[in-house]
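Work through the exercises below with the model open beside you. Try each task before reading its solution.

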2 protein chains.
Amino acid sequence: MKLSKATDYALHTMFHLIKKESAKPIGVQQLAEYQDVSPTYLSKILTKLVKAGMIESISGAQGGYKLKRNKNDISFLDIIHAIEGTTPLFECDFHHHEGCLIQSEIKNAEEKMNEHLRETKLIDLVKKEQRLS
Amino acid sequence: MKLSKATDYALHTMFHLIKKESAKPIGVQQLAEYQDVSPTYLSKILTKLVKAGMIESISGAQGGYKLKRNKNDISFLDIIHAIEGTTPLFECDFHHHEGCLIQSEIKNAEEKMNEHLRETKLIDLVKKEQRLS
DNA sequence: TTAATCATGGACTTACAATGTCTATGATAT
DNA sequence: ATATCATAGACATTGTAAGTCCATGATTAA
């Protein structure tokens, strides 16, 4: 049970886009470089964020990625769901008569985590980092 | 990000062992049957629970598995950790100067989930099921 | 209008972990 | 002794993550 490396890339990229927010897009080349990942692969990941309406891509020279949604509203959960999907942590395969009690209990636990990830916005971390430096 | 099927088997087996607690062990054959899984594979999984001190195994004729720890103390988290291990949900690979803020934030969220899984004991579900039937 | 610069999509590889199976072995009750 | 049990080791299979490579299309700057 681990979050994928792709989610790691997505979170750091969004962190960066929020920190350096500007009208001009930032190229995937540059975004990829400081994370030590290939531009094509990062692009594949960022496309999911585009489809989720979080960022937009501008192709052609001077193109790249920039924020689309309000940077104050973007939460951890938004990004994680965009990359990992929204299927629950646990789905019981066992053929029960009624619903599986174990499954619903784990769902409750997962929701506790999701609440926290939903409440925490990336902008909070950006501000925190600025205070630290 | 999913819990493994092995964890599903482990949880249901523990649920069953707690529900039917007795001095006589229950054979893996029987435990495997109602979950539609092979006995050898289930045994591999249950061995982890044995090593975690949760249950004990008795070999030879009339052998099988029985509880070792107090059934009132066994939580969801105990079982999940025994099977999945305790490595955190998220580990940032990126080379930061200081600690990764993203990683520590996800750790906070995970801890919220773990709190719930630690507080919820399997015996609670067993009692709940008995009330329902 | 041409060339250089960008993101995108599709078709691949590769690596690794989850999920098993099969079988020999060793322990134990009858 | 023998039938009944769990266990460990050596496999096989499958699926998914994590990339790579290249052709294509869009856009800007010259």
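**Exercise 1. Which element gives the largest share of the surface near DNA strand C?**

Ground rules come before the solution. This is a predicted model, in which local features need pLDDT of at least 70 and side-chain atom pairs count only at pLDDT 80 or more, while totals for chains, interfaces and linings use all residues. Residues are numbered from 1 along each chain as its sequence is written, and chains are lettered from A and ligands numbered from 1 in the order in which they are written.

Step 1. Sort by element. Helices (H or I, at least four residues) and strands (E, at least two) are DSSP runs, numbered from the N terminus. Two or more residues each come from H2 (28-33), H3 (39-51) and strand S2 (64-67) of chain A, and from H1 (5-19) and H3 (39-51) of chain B.

Step 2. H3(A) supplies 6 residues, the largest share.

Step 3. Classify. The surface near DNA strand C holds 10 nonpolar, 17 polar and 1 charged residues. Here Ala, Val, Leu, Ile, Met, Phe, Trp, Tyr, Cys and Pro count as nonpolar, Asp, Glu, Lys and Arg as charged, and the others, Gly among them, as polar.

**Exercise 2. Find how many residues of chain A are in contact with chain B, and which helix gives the most.**

Step 1. Count. 31 residues of chain A are in contact with 31 residues of chain B. Contact means C-beta atoms, placed from the backbone, within 7 Å.

Step 2. Classify. This side has 16 nonpolar, 5 polar and 10 charged residues.

**Exercise 3. Describe how H5(A) crosses H5(B).**

Step 1. Take the axes, lines fitted to C-alpha atoms over the stretch in contact, with angles from 0 to 180 degrees between N-to-C directions. The axes of the two H5 helices (residues 101-119) come within 8 Å and cross at roughly 155°.

Step 2. Name the arrangement. H5(A) is therefore roughly antiparallel to H5(B), a term for angles over 145 degrees.

Step 3. List the contact. Residues of H5(A), including Met113(A) and Leu117(A), meet residues of H5(B), including Met113(B) and Leu117(B). This contact has 6 nonpolar, 4 polar and 4 charged residues.

Key:
Parallel < 35°, antiparallel > 145°, perpendicular 65-115°, else oblique. Contact = placed C-beta atoms within 7 Å.
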